[in-house]
Amino acid sequence: MKNISKALGILGMAAILFTACNQGNQGTSTSSDDSKGSTMDLSEVKIAYINTDSVINNYQFFKDKSDEISEKGKRYESELANRAKGFEQEVANFQQSAQNMTPNQSRAKQEDLMKKEQNLMTYRNNLMQELSADETNLYNEVYDKIQEFMKGYAEENGLEMVLSYTRGGGVWYAHEAMDVTKDVTKGLNEAYKAGDTAAPAEAEKDSTAAGE
C-alpha cells in the first residue's frame with residue numbers, strides 16, 4: 001500500500017526563531033529594563049530536531065501495525081479475486097447458454113449479472129476505503145504517540161524546542177549536532193517494548209543533543 005508521508009511539528013518554526021533572535025538582540029542593546037523584556041534568554045535556548053520520516057519508519061509500533069494492515073490487505077485482495085473469478089465464470093456460463101434462453105430469461109439474467117457486477121465493485125471500493133482509513137488512523141496514532149513522547153523527552157533533556165526536519169518542510173538546514181533522531185527512535189522503541197509508548201524511555205541521553 002502507498003505510505004503517506006506527513007510532516008510532524010511546527011512548519012516554519014525556523015523563520016519564527018530567527019525573527020525572535022533578531023528582536024532579542026535589538027532589545028538587549030537598547031534597553032536595560034528587564035521587567036519588560038523577554039522571559040527567556042534566547043541565546044541560551046536549547047533546540048534539537050528529528051528527521052520525522054526516519055523516526056516513523058524505524059518506530060517498531062508503526063512497523064508492526066503496518067504489517068497488520070498489509071496482511072489484512074492481502075486477505076481482502078484474495079477474497080476479492082475469488083469473488084471476481086466466480087462472477088467471471090457466471091458470465092461465461094451465461095454466454096454459452098444464452099442462445100437456449102427465451103428473451104425474457106436472457107434479459108432477466110443480464111440484469112442479475114449487472115447487479116452482481118455493481119455489488120462486486122461496491123464491495124471492492126468498501127475494502128479500499130477501509131484499508132485507507134486504517135492507514136490514516138495509524139498515522140494519526142503514531143503522530144499522537146510521538147508528540148506525547150517528545151513532551152517528556154524535551155523536559156528530560158532540557159530542550160525548549162524540537163523541530164521536525166522533513167524534505168520540503170520548514171527547516172532547510174540544521175547542524176548535525178542538533179539531530180536527536182536516533183535517540184528519540186531508540187526511546188520510542190524501548191517505551192513500546194515496555195508497553196508504555198507515552199512516556200520517554202529512561203535511556204542514556206544522546207551526546208548529540210543540542211547544547212551538550
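## A charge over a ring

A charge sits over a ring if NZ of Lys or CZ of Arg is within 6 Å of the ring centre and within 35 degrees of the ring normal. In this predicted model, Arg83 lies over the face of Tyr123, with 4.0 Å to the ring centre. Lys145 does the like with Phe61, at 5.0 Å from the ring centre.

## The overall layout

Reading from the N terminus, the elements go α-β-α-α-α-β-α, which gives 5 helices and 2 strands in the chain. Of its 212 residues, 29% count as buried. The exposed surface comes to about 14200 Å², and carbon and sulfur atoms supply 49% of that.

Now for the contacts with a separation of 6 or more: 84% of them are between residues 24 or more positions apart.

## Aromatic pairs

The count comes to 7 aromatic pairs. Take Phe61 and Tyr192: their ring centres are 5.5 Å apart and their planes sit at 80°, so this pair is edge-to-face. Phe61 belongs to helix H3 (residues 60-97) and Tyr192 to helix H5, 131 residues apart. Phe61 is buried at 5% relative accessibility, while Tyr192, at 25%, is partly exposed. Ring pairs also bring in Tyr59, giving a cluster of Tyr59, Phe61 and Tyr192.

Then there's Phe62 with Tyr139, a tilted pair with 5.3 Å centre to centre and 55° between the planes. Phe62 is in helix H3 and Tyr139 in helix H4, so the pair ties together parts 77 residues apart in sequence.

H4 covers residues 103-156, 54 residues in total, and spans 79 Å from first C-alpha to last, close to the 80 Å expected at 1.5 Å a residue. Just after H4, Gly158 has a positive phi of about 65°.

H5, with 13 residues, reaches 18 Å between its first and last C-alpha, close to the 18 Å expected. Its buried residues are Thr181, Asp183, Val184, Thr185, Gly187, Leu188 and Ala191. What covers them includes strand E1 (47-51), helix H2 (52-57) and H4. Just after H5 comes another glycine with a positive phi, Gly195, at about 85°.

## A look at Thr181

Thr181 is found in H5 (residues 181-193) and counts as buried at 5% relative accessibility. Its side chain makes a polar contact with the side chain of Asp179, at 2.5 Å. Leaving aside neighbours within four places in sequence, Thr181 touches Tyr49, Ile50, Asn51, Ser54 and Val55.

Note on methods
Residues numbered from 1 in each chain as written. Predicted model: local features only at pLDDT ≥ 70, side-chain atom pairs only at ≥ 80, totals over all residues. Heavy atoms only, no water. Helix = DSSP H or I, 4+ residues; strand = E, 2+ residues; numbered from the N terminus. Expected span 1.5 Å × (residues − 1). Buried < 20%, exposed > 50% of the residue type's maximum accessible area, 1.4 Å probe, protein only. Polar contact = N/O pair within 3.5 Å; in protein donor to acceptor, adjacent residues only side chain to side chain. Contact = heavy atoms within 4.5 Å. Areas by Shrake-Rupley, 256 points an atom, 1.4 Å probe, with all protein chains shown as cover. Phe/Tyr/Trp six-rings, centres within 6.5 Å; stacked < 30°, edge-to-face > 60°.
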